[in-house]
Amino acid sequence: MGKIIGMTQSSYIPWKGFFDYINSVDEFFFYDDVQYTKQDWRSRNRIKTSKGLEWLSVPCGSKTRNRLICEVELKSHDWQKSHWGKIAQNYRNAPYFKDYKEFFEDIYLGNIWTNLSDMNQTIIKRISKEILGITTKFDDSRRFNLEGTKEDRYIPLLKEVGCTTYISGPSAKSYLTEERMEREGIKLEWMDYEGYPEYPQLYPPFEHSVSIIDLIFNTGPDMKKYMKSFN
């Protein structure tokens, strides 16, 4: 049987599309042995507030130049209490906040995070397994000591793990081609993030591009109805 693989960098409390991507593949690889970029989804995301969208940014310090995502250390921890405080303040009136409060409170107050990649991966895995019930297998590209750039870097990984179909995010269209993948015996498909239905959301107007915690707190057990890979 064929094996469907997905791979991308970890992100901080990512949006619902990230989890649809994970749920669309048999095995998902975190691709954190690449350059860290500031002011990116790796270390920040957005929530809805009564005053509009607000960024929650993890302080990664100034010494992140020429660092891989997996090498970014978190030396300050005050932000954990601050982020949880903002989440609790803005979602306490959401219909299902109480149902998931303990889960997220443990993430923010029950741990001391010292590495960005480890934190992101742990949060993503826990939401995937414990809240969404995703059964996709998780792995890490660091196991393969990848070399090169762009597709030359990760095609050896895909071939080694027996990938027959690779699903990629649309941002890779600038350098990844179906012809190249076909030569390697791999079918290339693209994630489609268009056409998501709106759901009951606090603080209009509606906004799709926010952390999945917004969907979780607002829709609870119905959250999968507003995602694409579960339907």
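How many bridges join strand 6 to strand 7? Four bridges join strand 6, residues 165-168, to strand 7, and the two strands run parallel. The model described here is a predicted one.

Strands of a sheet pair through backbone hydrogen bonds, either parallel or antiparallel.

Strand 1 and strand 2 also pair in the parallel sense, over four bridges. Two facing pairs can be located in the sheet. Met 7 stands opposite Phe 29 in strand 2, and Tyr 166 stands opposite Leu 188 in strand 7.

## Residues within the strands

In strand 2, Glu 27 and Phe 29 point one way, while Phe 28 and Phe 30 point the other way; all are buried. Is Glu 27 buried or exposed? Glu 27 has a relative accessibility of 5%, so it counts as buried. Apart from neighbours within four places in sequence, Glu 27 is in contact with Lys 3, Ile 4, Ile 5, Gly 6, Thr 136, Lys 137 and Asp 139.

Thr 165 lies in strand 6. Its relative accessibility is 13%, so Thr 165 counts as buried. Not counting residues up to four places away in sequence, Thr 165 touches Lys 3, Ile 4, Ile 5, Ile 186, Lys 187 and Glu 189.

## Helices on the sheet

## Helix 2

Helix 2 covers residues 78-91. At 1.5 Å a residue, its 14 residues should span 20 Å, and the end C-alpha atoms are 20 Å apart, so the two values agree.

The buried residues of helix 2 are Trp 79, Gln 80, His 83, Trp 84, Ile 87, Ala 88, Asn 90 and Tyr 91. What do these buried residues pack against? Their partners are strand 3 (44-49), strand 4 (52-57), helix 3 (97-109), helix 4 (116-131) and helix 7 (212-219).

## The nonpolar core

In soluble globular proteins, nonpolar side chains tend to be buried together. The largest nonpolar core of this model has 70 residues. Within this core, Phe 19, Phe 104, Met 119, Ile 127, Leu 158, Tyr 166 and Phe 217 touch the most other members.

Which residues does Phe 19 contact, leaving aside its neighbours within four places in sequence? They are Pro 14, Ile 124, Ile 127, Ser 128, Leu 132, Ile 134, Ile 212 and Met 227.

## Cysteines

The structure holds zero disulfides.

Cys 60 counts as buried because its relative accessibility is 12%, under the 20% limit for buried residues. Cys 163 is buried too, with a relative accessible area of 6%.

Technical notes
Residues are numbered from 1 along each chain as its sequence is written. This is a predicted model: local features need pLDDT of at least 70, side-chain atom pairs count only at pLDDT 80 or more; totals for chains, interfaces and linings use all residues. Side-chain values use heavy atoms; hydrogens and water are left out. A nonpolar core is a set of buried Ala, Val, Leu, Ile, Met, Phe, Trp, Tyr and Cys residues joined through side-chain atoms within 4.5 Å. Buried means under 20% relative accessible area, exposed over 50%, partly exposed in between (1.4 Å probe, protein chains only). Contact means heavy atoms within 4.5 Å. Two strands pair if DSSP finds at least two bridges between them. The expected span of a helix is 1.5 Å times one less than its number of residues. A disulfide is a pair of cysteine sulfur atoms within 2.5 Å.
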